[in-house]
Amino acid sequence: MAELNTGDGGGGKGGKVRSKKQNSKVDLTAMVDLAFLLITFFMLTTSLSKPQSMDLSLPDKNEDPTKDKDLKVDEKRTMTIMMGENNKLVYYMGLLDAPIAGPKDIAYGKDGIRRELLARKKSVIEYTGNKDKGIIVIIKPGTKSKYKNLVDILDEMAITGVGTYAIVNDFQPKEKELLEKK
Amino acid sequence: MAKIKMKKKSTSTDMTAMCDVAFLLLTFFILTATAKVPEALPVDTPASTVQSKLPDSDLAIITVGKGKVFFDIKGREIRKRTLEGMGAKYGITFSEDDKAKFALMDDFGVPIAGLKQIIDMKAADRTKAGQPGIPLDSLDNQLKDWLLVSRRATIDLDDKELQIAIKGDAKEEYPKIKKIMDILQDQKINSFNLVTGMRGKDF
């Protein structure tokens, strides 16, 4: 595409002065390249600059707190995840007094909590034999946990497709102990 | 043997039209792109994989970072109406000029008594002003009033419920976020958005 102007480098051998034929075309390739690059940039930045967001729906607060406890849930379906200081993460299945698994420290990310969640999700469905009765995750962010920890765990819920989860703020003394233990 | 002479084809294409179109589009995108205004309270939002976008209008953003809380409403008319309502509630009169300026402003984080000062500042100075944040303790809960008044203004003007988004700093302690959530839930706002950055699933 690009035109090369190969002017002869002879340098007046014949002595005749020949007026050089001027090429009237300008090579626009580079200019078009640049223009499209900028277009792409502006197109992407205008739509991407809108902040992403995560929906969060919480249950009604004014509801009688005792009412929730009447709702009987099979404790074998529940998994409790507690977040503590310095990205500490503790989980256990079932009740703390008689846990099915854990309580155990676990890491964030795909090799930690996500693998566990996916495995537990599968085993709970096998246990109940009903696709609608899946795992119930109770998220307990400790007072020293960071906002990032909460978002990370909520994100894990979205990734693993756990539909039923709740954010609970009260801790049993034993849970607190677990969380503060180094 | 007869020599087959290949016709010499010119390899160059005429790029003029393409160039024209490219630059036309470029101009369009540059003009429509909105310039980013520096935020009064810069926060580093945590990342998530969920990709839903925030709406452009009827949105209030509560920014939480460094222990301070800032408030921002999108939509000029709603902002004007909200300022009127807050002025009436706290017995401060705002002039038409103040309202027009407030409509064009971004987030702010001052008690209502100091708002006039912030409105009078230039945009560049507002970020440097060292705004202390909106008070939200139980004695003087102005954030609650801002929310109430702006929600009412949205219903009056657009007949819609105001969407609330929380933009928290990744390093913010959870109790502070919880406090905001509590204030929202006290007003029966049980569904809101958390502003997050983007990331892939592989982390």
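**A helix pair in chain A**

Analyst: In this predicted model, α3(A) passes α4(A) in a right-handed crossing. The two elements are helix α3, residues 113-128 of chain A, and helix α4, residues 147-160 of chain A, and they pack at an angle of about 45° with their axes 10 Å apart. Two packed helices are described by the angle between their axes and the distance between the axes. Angles under 35 degrees count as roughly parallel and 65 to 115 as roughly perpendicular, and α3(A) and α4(A) are therefore oblique to each other.

The contact itself can be followed residue by residue: on the side of α3(A), Ile113(A), Arg114(A), Leu117(A), Leu118(A) and Lys121(A) take part, and they meet Glu156(A), Ile159(A) and Thr160(A) in α4(A). By class, the residues of this contact divide into four nonpolar, one polar and three charged.

Chain A also holds a sheet, which is open and consists of five strands in the order β4-β3-β2-β5-β6, with mixed pairing. Its edge strands are β4 and β6 (164-167) of chain A, each of which pairs on one side only, and neighbouring strands of the sheet are turned by 15° against each other on average, if direction is ignored.

The pairings can be taken in turn, starting with the parallel one. Strand β5, residues 136-141 of chain A, pairs with β2(A) in the parallel sense over six bridges, and within this pairing Ile136(A) in β5(A) is the bridge partner of Thr78(A).

Strand β1 of chain A, residues 52-57, is joined to β2(B) by two bridges, and the two strands run antiparallel; the bridge partner of Ser53(A) in β2(B) is Ser52(B). As for the contact between the chains as a whole, 48 residues of chain B are in contact with 43 residues of chain A. On the side of chain B that touches chain A, the elements giving two or more residues are α1 (16-32), β2 (52-53), β5 (163-168), α7 (174-186) and β6 (191-198) of chain B, and α1(B) gives the most, with 10 residues. The residues on this side of chain B divide into 24 nonpolar, 16 polar and eight charged.

Chain B, finally, has seven helices and six strands, which follow the pattern α-β-β-β-β-α-α-α-α-α-β-α-β when read along the sequence. Its radius of gyration is 25 Å, whereas a compact globule of 203 residues would have one near 17 Å, and the C-alpha atoms of chain B fill a box of roughly 105 × 45 × 35 Å, taken along the principal axes.

Note on methods:
Residues numbered from 1 in each chain as written. Chains lettered and ligands numbered in written order. Predicted model: local features only at pLDDT ≥ 70, side-chain atom pairs only at ≥ 80, totals over all residues. Contact = placed C-beta atoms within 7 Å. Helix = DSSP H or I, 4+ residues; strand = E, 2+ residues; numbered from the N terminus. Nonpolar A, V, L, I, M, F, W, Y, C, P; charged D, E, K, R; others polar. Pairing = 2+ DSSP bridges. Axes fitted to C-alpha atoms, helices over the stretch in contact; angles between N-to-C directions. Parallel < 35°, antiparallel > 145°, perpendicular 65-115°, else oblique. Left-handed = near helix turned anticlockwise from the far one by under 90°. Rg over C-alpha atoms; globule rule 2.2 N^0.38 Å.
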